[in-house]
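Okay, everyone, thanks for coming.

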Amino acid sequence: MSLKAFHVVFIIASILLAFGFGASSYFDYKDQGKTMDLNYAIGSTLAGIALVIYFKFVLRKLKNISYL
């Protein structure tokens with residue numbers, strides 16, 4: 001697996017983890033009403049958005065390098 005392929009897989013996993021944790025924290029906030037859960041949800045969602053932007057940047061920058 002090339003460095004580019006590993007990077008793409010790792011960023012996608014990180015995006016899914018960030019949005020998944022954000023959703024989980026949001027539902028915990030709805031159930032329990034703790035403000036820390038809301039802070040976690042907002043922070044994780046913002047991190048997921050930042051990772052999506054970073055992912056687009058990486059794909060654009062490494063477009064001439066093969067996945068093999």
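Predicted model: local features only at pLDDT ≥ 70, side-chain atom pairs only at ≥ 80, totals over all residues.

Residues are numbered from 1 along each chain as its sequence is written, and side-chain values use heavy atoms, with hydrogens and water left out.

So, how many aromatic pairs does a search of the whole structure find? Three, where rings of Phe, Tyr and Trp (its six-membered ring) pair if their centres lie within 6.5 Å; planes under 30 degrees apart are stacked, over 60 edge-to-face, and the rest tilted.

One of them is Phe-6 with Phe-10: centres 5.9 Å apart, planes at 20°, so that's stacked. Both sit in helix H1, four residues apart, about one turn; helices here are DSSP runs (H or I, at least four residues), numbered from the N terminus. Phe-10 is exposed at 51% relative accessibility, and Phe-6 is partly exposed at 46% (buried is under 20%, exposed over 50%, partly exposed in between, with a 1.4 Å probe and protein chains only).

Then there's Phe-21 and Tyr-40, with centres 6.1 Å apart and planes at 45°, so we call that tilted. Phe-21 is in helix H1 and Tyr-40 in helix H2 (residues 35–61), so this pair ties together parts 19 residues apart in sequence.

Last up, Lys-4 lies over the face of Tyr-67, 4.2 Å from the ring centre (the cut-offs: NZ of Lys or CZ of Arg within 6 Å of the centre and within 35 degrees of the ring normal).

Terms used
Helix = DSSP H or I, 4+ residues; strand = E, 2+ residues; numbered from the N terminus.
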